[in-house]
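Open the model in your viewer and keep the selection panel at hand. The tour goes stop by stop.

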Amino acid sequence: MAIYKNKFTVNTESKKATYINITNNVKDSVKNSGIKEGICVVTTRHTTCAIFFEEYVHDINEEGDEFLQEDLNNVLRKIIPDHRDETAYKYPGEKHYQAVENWENANDYLPNGDRSALWNADAHLKSTIIGASETLEVTGGKLGIGGTGYIYLVDFDQTRERQREFTTIIMGE
């Protein structure tokens, strides 16, 4: 069995959940792998990010999100409201704040000591529900998805812009 891995970096926005269509990256990885039959796993290591497979939607709102993405945000917000104040969630607790304050790059996470920069419990919970990976079929040397199936990385963390990574792992013959 052959294994092929490829890592990608994307940039996300602040003040909104950022959806990134990664379908072409995944298709290119499958093509470049030379694997004809097997599976493709798409995963992210970030705890506020998720990977999901969904239909491409041609309708886009004023913020640039597809309507299904806007609908997903609205549904998730009903069960997991945005983290807007320190009482909304137990996370982050005092021990977590103290740990982050001692990190070498603490100012990246707590700019000027601003603890509200860690108010992203909602992002962690939303990404937990959606999941950090998708497993898809490789058949005939191509990604086994239909014409309207697309793969997205979403970063639910709205606290700041970030660079995020995702990896494709193709296994098979």
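**Stop one: a strand pair**

Select β2 and residues 149-155, which make up strand β7: the two run antiparallel and are joined by four bridges. Strands here are DSSP runs of E, at least two residues long, and helices are runs of H or I of at least four, numbered from the N terminus. Strands count as paired if DSSP finds at least two bridges between them. Now pick Asn21: opposite stands Tyr152 in β7.

This is a predicted model, in which local features need pLDDT of at least 70, side-chain atom pairs count only at pLDDT 80 or more, and totals for chains, interfaces and linings use all residues. Residues are numbered from 1 along each chain as its sequence is written, and side-chain values use heavy atoms, without hydrogens and water.

**Stop two: the sheet**

The three strands form an open, antiparallel sheet in the order β2-β7-β4. Its edges are β2 (18-21) and β4 (49-55), each pairing on one side only. From one strand to the next, the twist averages 30°.

**Stop three: the helix**

Select residues 23-33. This is helix α1, lying across β2 and β7 and running at about 115° to β7. Axes are lines fitted to C-alpha atoms, for helices over the stretch in contact; angles are taken between N-to-C directions, from 0 to 180 degrees.

**Stop four: Met171**

Go to strand β8 (residues 162-172) and pick Met171. Which residues does Met171 contact, leaving aside neighbours within four places in sequence? Among them are Met1, Ile3, Ile35 and Val41; contact means heavy atoms within 4.5 Å. Met171 is partly exposed because its relative accessibility is 23%, between the limits for buried (under 20%) and exposed (over 50%), with a 1.4 Å probe and protein chains only.
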